[in-house]
Amino acid sequence: MEQERFDLPQLGQDPSRTYRLGIMGGTFDPIHNGHLVAAEQAYDDLNLDLVVFMPAGSPAFKQGKKIASGEDRYAMTLLATSDNPHFVASRFEVDRPGITYTSETLRLLKEHYPQNVELYFITGADAIADIVRWNNSASIAENATLVGATRPGYNLDKAAGAIDSSGIDFHVIYLEVPALAISSSYLRERVAKGQSLRYLTPDSVTGYLHKHQLYGAKAGKYAR
Ligand code: NAP
């Protein structure tokens, strides 16, 4: 696959400075305001230059589970991020065939960008707690700083214990994000019951998932 032709933002042009690129990794089934607030908080707190949202094409730990297509999840991510000048949605993982391994994504991004671009891989702290089971996790540690977004009151012991006992030199930053009380599964349940998603995800996402009748949505209901 020729990743150079892909929709990655340009970064690293000025060799006299360092750039910080956030990679927002997730299934985004569907994307919601918790993800958007987490990415905005990472942008501010970590002084990132840009955040690229990358829906996983075929998430490694969701094989055999029913999820919306990569095309639909990408479309909703694009809609949700389109009004923020420092957010970008990318097809980088959706278009890569096979299981989506983060190690491969980060390796390709490292190849793509000049050395003055640092990578920050942002995802849920629950997912990071499992990182030692991810494919080639040692190379993830070499290529990126991990950013684990948590709900307030989340117990970090599991994630910290897993990282500490891994013997791998992961660099992990945790961010507490109150808006992560929202979850994709909560949105899917509400859609299936015909309940409103207003204020939980951008209206454009609500419109899209009703128009395409995802998650048991009835076309037209709460489509605005
Ligand atoms: P998940 O297990 O569905 O998510 C675990 C928790 O983290 C959920 O509460 C989820 O909430 C939250 N979450 C997920 N992405 C988030 C984000 N970007 N920001 C804030 N919270 C987030 O995780 P997943 O979606 O399958 O995987 C997450 C990322 O890790 C993806 O990029 C995936 O490719 C990567 N991953 C890689 C491997 C591997 O390479 N072998 C294995 C596992 C995961 P919501 O459900 O509300 O999002």
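Which residues in H2 meet which residues in H8? I started my notebook with that one. Glu71, Asp72, Ala75, Met76, Leu79 and Ala80 in H2 meet Ser204, Val205, Tyr208 and Leu209 in H8, where contact means heavy atoms within 4.5 Å.

**Ground rules.** I am reading a predicted model, in which local features need pLDDT of at least 70, side-chain atom pairs count only at pLDDT 80 or more, and totals for chains, interfaces and linings use all residues. Residues are numbered from 1 along each chain as its sequence is written, and side-chain values use heavy atoms, with hydrogens and water left out. Helices (H or I, at least four residues) and strands (E, at least two) are DSSP runs, numbered from the N terminus.

**Entry 1: H2 and H8.** Next I looked up the geometry: the axes of H2 (residues 70-81) and H8 (residues 203-211) come within 8 Å and cross at roughly 155°. Axes are lines fitted to C-alpha atoms, for helices over the stretch in contact, and angles run from 0 to 180 degrees between N-to-C directions. The two helices are therefore roughly antiparallel, the word for angles over 145 degrees. I also noted that H2 passes H8 in a right-handed crossing, meaning that the near helix is turned clockwise from the far one by less than a right angle.

**Entry 2: the inside of H8.** Which residues of H8 are buried? I listed Val205, Thr206, Gly207, Tyr208, Leu209 and His210; buried means under 20% relative accessible area and exposed over 50% (1.4 Å probe, protein chains only). The buried residues of H8 pack against H2 and also against helix H7 (184-192). Just after H8, glutamine 213 takes a positive phi of about 50°.

**Entry 3: the sheet.** Six strands form an open sheet with parallel pairing, in the order E3-E2-E1-E4-E5-E6. Two strands pair if DSSP finds at least two bridges between them. At the edges I found E3 (87-89) and E6 (172-176), each pairing on one side only. The twist averages 25° from one strand to the next.

I then followed E1 (residues 19-26), which pairs with E2 (residues 50-55) in the parallel sense over six bridges. Glycine 22 has valine 51 as its bridge partner in E2, and glycine 26 has proline 55. Six bridges also join E1 to E4 (residues 117-124), again running parallel, and isoleucine 23 stands opposite phenylalanine 121 in E4. E1 is mostly covered, with six of its eight residues buried.

Entry 4: Most residues other than glycine have a negative phi, and most peptide bonds are trans. With that in mind, I checked the loop between E1 and H1 (33-45), where proline 30 lies. The peptide bond from aspartate 29 to proline 30 is cis, with omega near 0°. Phenylalanine 28 is found in the loop between E1 and H1 too, and its phi is near 50°.

Asparagine 47, in the loop between H1 and E2, has a positive phi of about 55° although it is not a glycine. Is each of these side chains buried or exposed? Phenylalanine 28 is buried at 3% relative accessible area, whereas asparagine 47 is exposed at 59%.

Terms used
Parallel < 35°, antiparallel > 145°, perpendicular 65-115°, else oblique.
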